[in-house]
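Hello,

Here is the structure you will be taking over. My notes on it follow below.

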Amino acid sequence: MDICEELDWRASVQQTTDPDHLPQWLAAASRTLYAGFDPTSDGLHVGNFVALMMLRRFQKAGHRPIVLAGGATGMIGDPSGKNQERTLLSPEIIDRNLQGISGELQQFLDFESTNAAILVNNYDWMKRWDYLSFLRDIGKHFPVNVMLAKESVKTRLEQTDVGMSYTEFSYMLLQAYDFVHLHKEFGCELQVGGSDQWGNITAGIELGRRLGTSPLYGITCPLLTRSDGAKMGKTEQGTIWLSPQKTSPYAFYQYWYNVDDDVVGNCLRLLTEMEQEDILALDEDRQVDPGSRNSQRRLAETITEFVHGKDGLAKACRAS
């Protein structure tokens, strides 16, 4: 099974820029791809997990992943999916957050194999730009009417009581330039991210076209949502984090054990490396005996062991 077939049965693809050509392109050679993670906190949460698993699946299929920690973009804050502007973080807090997420990003990928993952920080290249040069050399390639048509911008502008600052509006330029820079430095040709990143991804592809690079591609994965459409990873007690210091292995295990029947199959596909036949067997088991919660148990055990190791799983099971 190639990477596109696996992503397909796992329902891991929400949008792609070239669905007819992409499978053949990926099968023809080892490709370099990236996903970005802004340091809005000092740890990663379960919402980041789908994109991390996407990178991991590509790496196991022979492709090379780049993990981008957004030291520059994190200073502005992505408006995508937000109803109001993020609180701007100080450089000191961003540095602290970068240290926190960098270690976690390295936990889920292989940084030593022949297609070793690469960890980069976009502040390293953005700090070289001055404001006027960036506007002249990069900003001139962004038609404002196209930017206004992006869903992340349209949604915010429709909220007359909130609107959007120029700072947030410029975020798209920074992420688009990241894609072009990574193509130039590492031969990166594919960006992956959550479906709320579609506008930013296509902006990078268009910038690359205008600057004369070889074709760039984009894939988005579905956001992790509950049955009511709300994002998963939030509880009355707060966000579910990957760090055991922020969310204990017991609380982490319990969160997955308590997901609803109508979303557990999706979680098994998106968040684990279980084989297709095992997941299909659990799907059938839920139909026959929905009260058994075998799917939830396997989900909780598999993800907890993957994130917190065998010791973390053992502690969670003892506490449960």
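Gly77 sits in the loop that runs between β3 (64–69) and α4 (91–105). The model is a predicted one. With a relative accessibility of 4%, Gly77 counts as buried. Apart from its neighbours within four places in sequence, Gly77 is in contact with Arg86, Glu168 and Tyr171. Tyr250 is 173 residues from Gly77 along the chain, and 32 Å separates the C-alpha atoms of the two.

Arg86 also comes up in the largest pocket. That pocket holds about 1,000 Å³ of space. It is lined by 41 residues, and those closest to its centre are His45, Gly47, Asn48, Arg86 and Asp196. Four elements each supply at least two residues of the lining: the strands β2 (32–37) and β5 (190–194), and the helices α3 (49–60) and α10 (171–186). By type, the lining comprises 17 polar, 16 nonpolar and eight charged residues.

I also looked at the cysteines. A disulfide is a covalent bond between the sulfur atoms of two cysteines. For Cys4, the closest cysteine sulfur is that of Cys221, and at 14 Å it is too far for a bond. Cys267 is buried, with a relative accessible area of 1%.

Regards

Methods: Residues numbered from 1 in each chain as written. Predicted model: local features only at pLDDT ≥ 70, side-chain atom pairs only at ≥ 80, totals over all residues. Heavy atoms only, no water. 1 Å grid on protein atoms, 1.4 Å probe; cavity = no way out; pocket = protein on both sides within 12 Å on 5 of 7 lines; lining within 4 Å. Points joined across faces, edges and corners; volume = space filled by probe spheres on them. Nonpolar A, V, L, I, M, F, W, Y, C, P; charged D, E, K, R; others polar. Disulfide = S-S within 2.5 Å. Buried < 20%, exposed > 50% of the residue type's maximum accessible area, 1.4 Å probe, protein only. Contact = heavy atoms within 4.5 Å.
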